[in-house]
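User: Please work through this model with me, one item at a time.

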Amino acid sequence: MNASTKALIQQIVAHVTCAVCGHHFATSDIQVVGQREHIWAMRIHCRECRTQALLLAVVNDRGTQPIYTDLAPDEWKRFKDAAPIAADDVIAIHEYLQVYEGDFTDILEDPLPDE
Ligand SMILES: [Zn+2]
């Protein structure tokens, strides 16, 4: 693990808590599973409630913005070889999810509704 990866994980530990129970993570609970340009994908595991989640971190000159996804950690594999994603795409997904009431798996399996 290089220094920037270590620093990133430490930032996540300092700022992100479990989405389910609010437990704080330790560095050993976080594993980087992929990186595309300035977006890092991390598998996080909560020792308190045993939730596993995929967290994306957008790293740019304004800092690190962690984004929770509702994806299972293994689902990153489906995306990492897909077309390049930009930070704006991730933010758009994040905003969409905030208003989306349904089960996230519906989004992945069905086409997005027309605008
Ligand atoms: Zn938890």
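User: Buried or exposed: which is Cys18?
Analyst: Cys18 has a relative accessibility of 6%. Buried means under 20% relative accessible area, exposed over 50%, and partly exposed in between (1.4 Å probe, protein chains only). At 6%, Cys18 therefore counts as buried.

User: What is the relative accessible area of Cys21?
Analyst: This is a predicted model, where local features need pLDDT of at least 70, side-chain atom pairs count only at pLDDT 80 or more, and totals for chains, interfaces and linings use all residues. Residues are numbered from 1 along each chain as its sequence is written, and side-chain values use heavy atoms, without hydrogens and water. Cys21 is partly exposed, at 37%.

User: What is the geometry at the zinc ion?
Analyst: Donors are N, O and S atoms within 2.8 Å of the metal (3.2 Å for Na, K and Ca); water is not among the atoms, so sites may look incomplete. Cys18, Cys21, Cys46 and Cys49 coordinate the zinc ion through SG at 2.3 Å. Four donors count as tetrahedral if all angles lie between 85 and 135 degrees. The angles here run from 103 to 113°, and the site is tetrahedral.

Notes
Four donors count as tetrahedral if all angles lie between 85 and 135 degrees; four count as square planar and six as octahedral if opposite donors are over 155 degrees apart and all others between 65 and 115; anything else is irregular.
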